[in-house]
Amino acid sequence: MRDLVLFALMLVACGYTLARPWIGVLMLAVVSFLSPQMFTYGFMRTSPIYFVAFGVAFAAFLFARERRAIPSDWRVVTFYLLWTWYLVTTLDSVMPQYAWIKLEEVSKIYLPLIFTLILITNRERLLALIATIAVSIGLVAVKGGMFAISKGFSHRVWGPDGTMYGGNNEFAIATLMVIPLLLLWQRETTSARIRLALMGAVPLCFASALCSWSRGALLAMTALVALLILHSQRKWLAAPLIGIGAVLAAGVLPAEWFGRMHTLETYDEDASAMGRITTWTDGINYAFANPITGAGFDGWL
């Protein structure tokens with residue numbers, strides 16, 4: 001049943017894209033960030049859904065009447081020069097069997113960005129894209145937050161299998177990255193219902209990130225909370241609410257969670273942490289020895 005629903009939704013999205021090419025940017029965002037095929041169990045799970053979406057978006061782009069030139073901004077130029085550097089490092093990779101696969105994955109990010117720069121021509125479309133990205137990741141994060149609360153924060157929350165953020169660390173960081181997008185959407189929307197829904201989604205995202213049991217996520221969350229308070233227009237309200245949330249979380253999180261977070265202070269006794277530091281040190285040394293070509297994607301293997 002899920003496969004048929006997704007197939008129907010894809011047909012509708014493709015139809016809208018052919019009629020309004022900028023919708024293709026939103027469709028690619030959903031396919032890339034949500035990976036809806038990973039929530040199915042039949043023929044759609046192994047279907048080339050991204051390539052279908054990209055092909056339709058590209059066809060619509062070619063015949064789009066409303067478009068603008070790619071902005072001549074130094075950041076855009078630098079971003080695409082970076083891809084050229086990726087190609088150079090891949091050609092000289094120490095693990096080419098993995099590097100070329102990773103280069104293909106990275107290129108899937110670069111190509112749709114051209115559509116975004118040309119077709120997202122006004123504030124309304126930009127807000128629609130931000131909302132689409134926020135929903136794509138936010139739905140999974142909210143589901144994780146509900147699971148965390150229902151289990152009393154005693155079980156880890158993981159991302160969807162087969163996605164870019166399937167692991168607990170990756171999922172937690174993706175969840176935290178989407179919180180500012182949700183807050184931006186809340187500030188810009190005029191719908192009271194959407195604003196209320198987003199107000200409920202943000203705490204659930206925090207709960208989801210906490211229940212990932214990721215130490216890196218705890219550090220990222222600390223920085224995120226500080227920035228949210230700093231840039232809040234209502235610091236007098238934001239700070240107490242976050243403080244209350246922290247107190248409530250401390251009261252429900254299990255002792256095992258605190259034990260894991262405590263290893264941040266004793267990282268030199270933790271094999272996982274020291275293994276990462278060793279990898280970083282080796283990587284930095286290798287980069288200094290090979291400053292142009294590096295080791296290529298996944299060279300650390």
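1. The expected span of a helix is 1.5 Å times one less than its number of residues, and helices here (H or I, at least four residues), like strands (E, at least two), are DSSP runs numbered from the N terminus. Helix H7 covers residues 168–188, and its 21 residues should therefore span 30 Å at 1.5 Å a residue, which agrees with the 31 Å between its end C-alpha atoms.

2. A word on the source: this is a predicted model, in which local features need pLDDT of at least 70 and side-chain atom pairs count only at pLDDT 80 or more, while totals for chains, interfaces and linings use all residues. Residues are numbered from 1 along each chain as its sequence is written, and side-chain values use heavy atoms, with hydrogens and water left out.

3. The chain has 12 helices and 0 strands. Its radius of gyration, taken over C-alpha atoms, is 21 Å, close to the 19 Å that the globule rule (2.2 Å times the number of residues to the power 0.38) gives for 301 residues, so the chain is as compact as a globular protein of that length.

4. Buried residues (under 20% relative accessible area, with a 1.4 Å probe and protein chains only) make up 38% of the 301 residues. In helix H7 the buried residues include Phe171, Leu176, Ile179 and Trp185, and the buried residues of H7 pack, by contact (heavy atoms within 4.5 Å), against helix H6 (123–150), helix H8 (192–210) and helix H9 (215–231).

5. Among contacts between residues at least 6 apart in sequence, 73% join residues at least 24 apart.

Methods:
Buried means under 20% relative accessible area, exposed over 50%, partly exposed in between (1.4 Å probe, protein chains only).
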